Amino acid sequence: MERKLIRIDQITIPIALGKPISREGVFSGKTLAGMEVTVRTRTPTERKAVDDLIREARAAVDDPFANRSYEATIRMLSQNITAGRDEASYVLSAEELDQLPPFDSIELNGMEFSVLDYEEYITQGKIDRRALLQASKEQFPRLRGLLGPGPIAFRRLGIDETPLELRFGGDCHWSRHGTGSDEYYKQIVVLCPLDAGPSRLDVASGTTQDVMARILIALAARFEVLVNELATGDAISSQVRNALLSSGWRDLFPSQKIAELYDSLDQVDDAAERFKTD
């Protein structure tokens with residue numbers, strides 16, 4: 001049966017006082033329904049109900065034009081109030097929420113990862129994506145290996161038919177969980193369009209941070225080499241001493257261990273907590 005009334009929350013409006021509108025969803029990827037409606041009130045109680053609706057800015061809607069119900073954002077377009085009288089007239093818009101469709105996994109360069117949390121938002125007119133991924137012990141080194149400059153093929157499984165070409169942004173924090181065969185990792189990734197502008201965060205320059213990171217990693221690597229050498233004998237050989245006091249320490253330390261030290265700069269107690277607070 002065709003519905004003859006518009007319902008916005010607990011307010012009912014004759015269909016003749018509304019008209020359908022629509023827009024293309026940025027995040028949902030579908031045409032979204034909506035209405036512009038005229039609401040007339042005659043008592044203080046009715047006016048309060050409309051004012052509360054405007055203040056909440058969100059409501060459940062029964063839309064007879066689209067013949068379905070949905071969650072909508074509510075905006076006041078205009079109002080006409082006569083001083084000293086209870087009557088008032090409002091023109092409101094009710095627009096269906098632009099919601100992301102559900103999905104459980106993404107692909108990065110063809111590798112599949114489980115999604116624990118996900119959000120999309122507009123930055124400087126472009127869509128940025130932020131995900132909290134879960135990776136197995138075997139997957140984690142491969143995932144960390146992707147986090148570099150250059151394009152990455154991104155696809156939401158079950159939604160995107162073809163991959164999008166994006167690049168990684170900042171915030172690559174991760175955390176380790178479980179032990180033994182139950183060990184797994186949480187990894188935050190930020191993905192931006194290839195032509196997205198740089199971040200304007202008020203922090204030290206990338207050059208300064210890179211220099212600090214290299215100093216820290218060099219010190220950690222030299223310390224580990226020194227400790228291992230002292231543990232196997234009573235003295236340090238002149239060859240090792242000279243290497244530790246020069247760039248020759250790199251020849252003593254595995255390159256894979258250096259990569260792991262770089263990764264440790266992004267490690268947090270729980271990446272899920274970091275995801276929620278940023």
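Me: Which residue in the turn of the S8 and S9 hairpin has a positive phi?
Reply: In this predicted model, S8 and S9 form a hairpin with two residues between them. Strand S8 covers residues 105-108 and runs antiparallel to S9, with four bridges joining them. The turn residue with a positive phi, about 50°, is Asn109.

Me: In S9, what is the bridge partner of Ser105?
Reply: S8, residues 105-108, is joined to S9 by four bridges. Ser105 pairs in S9 with Ser114.

Me: Which residue takes a positive phi in the hairpin of S9 and S10?
Reply: S9 and S10 pair antiparallel over nine bridges. Thr123 has Lys126 as its bridge partner in S10. Two residues lie between the strands, and the one with a positive phi near 50° is Gln124.

Me: Is Gln124 buried or exposed?
Reply: Gln124 sits in the loop between strand S9 (111-123) and strand S10 (126-136). Exposed means over 50% relative accessible area. Gln124 has 51% relative accessibility, so it counts as exposed.

Me: What is the phi of Asn67?
Reply: Asn67 lies in the loop between strand S5 (58-63) and strand S6 (68-81). At 51% relative accessibility, Asn67 counts as exposed. Most residues other than glycine have a negative phi. Asn67 is not a glycine, yet its phi is positive, about 60°.

Me: Which side chain of opposite charge is nearest to Glu183, and how far away is it?
Reply: Glu183 lies in the loop between strand S13 (174-177) and strand S14 (184-193). Its contacts include Lys137 and His177. Glu183 is buried, without a salt bridge. A salt bridge needs the charged atoms within 4 Å. The nearest side chain of opposite charge is Arg176, at 4.2 Å.

Notes
Residues numbered from 1 in each chain as written. Predicted model: local features only at pLDDT ≥ 70, side-chain atom pairs only at ≥ 80, totals over all residues. Heavy atoms only, no water. Buried < 20%, exposed > 50% of the residue type's maximum accessible area, 1.4 Å probe, protein only. Lys, Arg positive; Asp, Glu negative; His and termini not counted. Contact = heavy atoms within 4.5 Å. Pairing = 2+ DSSP bridges. Lists of a residue's contacts leave out its neighbours within four places in sequence.
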